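This report describes selected features of one structure, shown below. It is written for a reader who has not seen the structure before.

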Amino acid sequence: VVVCDKSKLDKGGYYGAPTLVIEIVSKSSRKRDYIIKLHKYEKAGVKEYWIIVPNDEVIMRYTLNEKGSYEIPDIYVLDEDEEIISRIFPDLTIKLKDIFTLWE
């Protein structure tokens, strides 16, 4: 967990919607990540939601629009030079090969 807004922290934990959530999907969590969490995060106002699918070497990046709904996701497929860049944190750039080599 990376906390950017310390005002949302107190002795009981973190309160409010995070800005960015990254989920790593397993076979047993697909329904939860693709449907249940997607709708909960959208309703809560999570600005950016990444779903990483290690077996398929794919990342889906959902971004909340000004109406409070997720846009059609940007889809990234592993390629030697492919990078994913956060729309919310433009300095956050990660090469896909660095993500997916964790599962080799």
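## A loop residue with positive phi

Glu57 counts as partly exposed because its relative accessibility is 31%; partly exposed lies between buried, under 20% relative accessible area, and exposed, over 50% (1.4 Å probe, protein chains only). Glu57 sits in the loop between β4 and β5. Although Glu57 is not a glycine, its phi is positive, about 55 degrees. Most residues other than glycine have a negative phi.

The model is predicted: local features need pLDDT of at least 70, side-chain atom pairs count only at pLDDT 80 or more, and totals for chains, interfaces and linings use all residues. Residues are numbered from 1 along each chain as its sequence is written, and side-chain values use heavy atoms, leaving out hydrogens and water.

Helices (H or I, at least four residues) and strands (E, at least two) are DSSP runs, numbered from the N terminus. Strand β3 covers residues 20-24. Val21 and Glu23 form its covered face, while Leu20, Ile22 and Ile24 form the uncovered one.

β3 and β4 run parallel and are joined by five bridges; two strands pair if DSSP finds at least two bridges between them. Opposite Val21 stands Tyr49 in β4.

## Nonpolar cores

A nonpolar core is a set of buried Ala, Val, Leu, Ile, Met, Phe, Trp, Tyr and Cys residues joined through side-chain atoms within 4.5 Å. The largest has 14 residues, of which Tyr41, Val46, Tyr49, Ile51, Met60, Tyr62 and Tyr70 touch the most other members. At least two residues of this core come from each of α1 (30-44), β4 (48-53) and β5. A second, separate core has eight residues, among them Ile59, Leu96, Ile99 and Phe100.

Not counting residues up to four places away in sequence, Ile51 touches Glu23, Val25, Asp33, Tyr34, Val58, Ile59, Met60 and Tyr62. Contact here means heavy atoms within 4.5 Å.

## Ser69 in its loop

Ser69 lies in the loop between β5 (58-63) and β6 (74-77). Ser69 is partly exposed, with a relative accessible area of 31%. Neighbours within four places in sequence aside, Ser69 is in contact with Glu42, Thr63 and Leu64. Ser69 and Glu42 are 27 residues apart along the chain, and their C-alpha atoms are separated by 6.2 Å.

## An exposed leucine

Leu102 is found in the segment after α2 (96-100). With a relative accessible area of 66%, Leu102 is exposed.
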